[in-house]
There are 2 protein chains.
Amino acid sequence: MKTIYNFSAGPAVLPKPVLEKVQEELLNYRNSGMSVLELSHRSPWFEDIISQAEKRLRELMDIPENYQVLFLQGGASLQFSMLPLNLAKNQKAYYVNTGSWSKKAISEAKKIADVQVETLASSEDEHFTYIPKIDPATIDQDAAYVHITTNNTIEGTVYTDLPETGKVPLVADMSSNILSAPYDVRKFGVIYAGAQKNIGPAGLTVVIIRDDLINRSDTISAMLDYKIQADNHSLYNTPPTFSIYLAKLVLEWLQELGGVPAIEQLNRKKARLLYEAIDQSDLFQSPIRIADRSIMNIPFITGNKEVDAQFNKEAQAAGFENLKGHRSVGGMRASLYNAFPIEGVYDLIDFMHKFEKNVGGKKTNDIHYQNI
Amino acid sequence: MKTIYNFSAGPAVLPKPVLEKVQEELLNYRNSGMSVLELSHRSPWFEDIISQAEKRLRELMDIPENYQVLFLQGGASLQFSMLPLNLAKNQKAYYVNTGSWSKKAISEAKKIADVQVETLASSEDEHFTYIPKIDPATIDQDAAYVHITTNNTIEGTVYTDLPETGKVPLVADMSSNILSAPYDVRKFGVIYAGAQKNIGPAGLTVVIIRDDLINRSDTISAMLDYKIQADNHSLYNTPPTFSIYLAKLVLEWLQELGGVPAIEQLNRKKARLLYEAIDQSDLFQSPIRIADRSIMNIPFITGNKEVDAQFNKEAQAAGFENLKGHRSVGGMRASLYNAFPIEGVYDLIDFMHKFEKNVGGKKTNDIHYQNI
């Protein structure tokens, strides 16, 4: 069977040793006589799993004691509502608009009564191909938070330098680059991430929240209430037990690799190889400003929709899965998450070279990216 | 290794052939070269999985065309909020209080502004050991719904006859007895269930909702909005893909067994055997009114806390896992979900006989059930 490389933006490729471990112990978890899927969430086995998952995440990200780690459901999308519900009632909430997911965060926040949503900066003027700068002087210091999307999965941009927000907490949707390179957790009030990119499976959301930001009064639903979830150590109701188990295994795998600094080095190498191939090509190009290029999600285009479509078709036939760009922007996108093997990058570059030679085309200026 | 029987109330025992299938294809789903855990939720493979899961559930429960089937996250607990948010704004919502989960549904509904929550009937007067009758004449026919908990997981009661509610839609939390015995879906406006008992893994919630009850206007969050979830066929954001895959396998397994009528017969046999053993014992007793006894969750007690504790300890040592009653009621509880093997019931009864012989005790009237 031919090798398959999975460039999916999420759910995404998982580390092979993790999948093998899951397979190996699926019918009998640690001699319990039960599958991990069958364990009660109140059992000592599962208590160990969830506390190990938290411990490993704390170690990997150097999460200080005064931050809670929550394992929730509903994806980043549910956080778009939970954040303003819990943190911004009768206050101002700032958002930086850097793409599709920022826009959703903004439109969800606007649905919450008594929250004054303001867009602090936006890169929509140039199809989200860069990260806009923020003037700290424009930030009302009584605001509830400034929300950013550290990595824009669809557009392929990333925050390298975090904005200065004074005493206003910085809140980040880190779904697509958590654990890919170091961020100082102390610089954030809240970090949240859907797990299905660098943490593990779909159906799990990690929230890291500073103690003083946790709501003091009840919100409209226990499930949407950071305080209730924190007081119950993510066991207010039945959590997604298998997803947390898998996350624990992925975190262990990452620690064994050498943690975030080690994976960052590998991620930068994978991304550099691909960007170099794109930049040196006469056919492919990156629409993204160089300083703001993501190392996780790398969109590229030929400038010609038919050639893009031909490339995607031939690439898939050759075993490169999910290279097609998001339906909202078109072109191609290679998601190179932590578990994506470097061999897949080498093989993709080879394939791009061959395709370019066959097609004989060259870059055009007819850029349709995010403009279709 | 000794045989383990898992009486967990959820996450619970899963069918062995399903677990074996998961294990077998975990590294390479249908020759895709990817694990099912790695599949994009927009891939044809996953589209097939989710549509098959829906199709099988529709067949098993005979769900009419004018009902939507949604695969959501957050458990029944999140439905406690979504229901009144979407269905009962500026209206009256009736609840029947039959135990811990009904109480939570009521208290969550009360948090939603502009919903008039009314308890229509309650069995709290007798520690929830029966299902209260409802006088249809007392139901305001303009109310949004009447909410019941068809099976009370902690207390061990079940609705056999559904209440008459006139034209007011009946809404049911069916988490712990969905697919265990037939219910006529047409008699309900909404049915919802956490998956981790009879459907599959934790982290998945099934909602079956009649078209005309789906909200027309936006609610406060896309993730909490039945209309948005229905319009997007449960793919508004990344769904819990693996949990849906596992649910599909469980539903296939149930169909191969002969569907709900076949499993009902088996469930009734398992329950009858255990109830007979309890009723004929001089040591054990059921606190539940005979007509309202659940066939899924069977609580029993000796009437003496120390003897209960001794039984639980010895039972666990003998391989009977999770027999301890819920911490809120004490005693013992055997959850006999669809996937629980009848051999486990025979072995438990044997064990109970031996224990009774050794202890030599007899039933007392010092009933502490739900009174501790």
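**Getting to know chain A**

Biologist: How many positive and negative side chains does chain A have, and how far apart do the centres of the two sets lie?

Modeller: This is a predicted model, where local features need pLDDT of at least 70, side-chain atom pairs count only at pLDDT 80 or more, and totals for chains, interfaces and linings use all residues. Side-chain values use heavy atoms, without hydrogens and water, while residues are numbered from 1 along each chain as written. Lys and Arg count as positive, Asp and Glu as negative, with His and the chain ends left out, and each charge is placed at NZ of Lys, CZ of Arg, CG of Asp or CD of Glu. Chain A has 38 positive and 45 negative side chains, and the centres of the two sets are separated by 3 Å.

Biologist: Into which domains is chain A divided, and how far apart do their C-alpha centres lie?

Modeller: The bounds come from an automatic or database domain assignment, giving domain 1 (17–256) and domain 2 (258–359) in chain A. Contact means heavy atoms within 4.5 Å, and 27 residues of domain 1 of chain A touch 26 residues of domain 2 of chain A in that sense. Their C-alpha centres are separated by 27 Å.

Biologist: What share of chain A's residues count as buried?

Modeller: Buried means under 20% relative accessible area, exposed over 50%, and partly exposed in between, using a 1.4 Å probe and protein chains only. Of the 372 residues in chain A, the buried share is 65%.

Biologist: What box do the C-alpha atoms of chain A fill?

Modeller: The box is taken along the principal axes. For chain A it is roughly 65 × 60 × 30 Å.

Conventions: Chains are lettered from A and ligands numbered from 1 in the order in which they are written.
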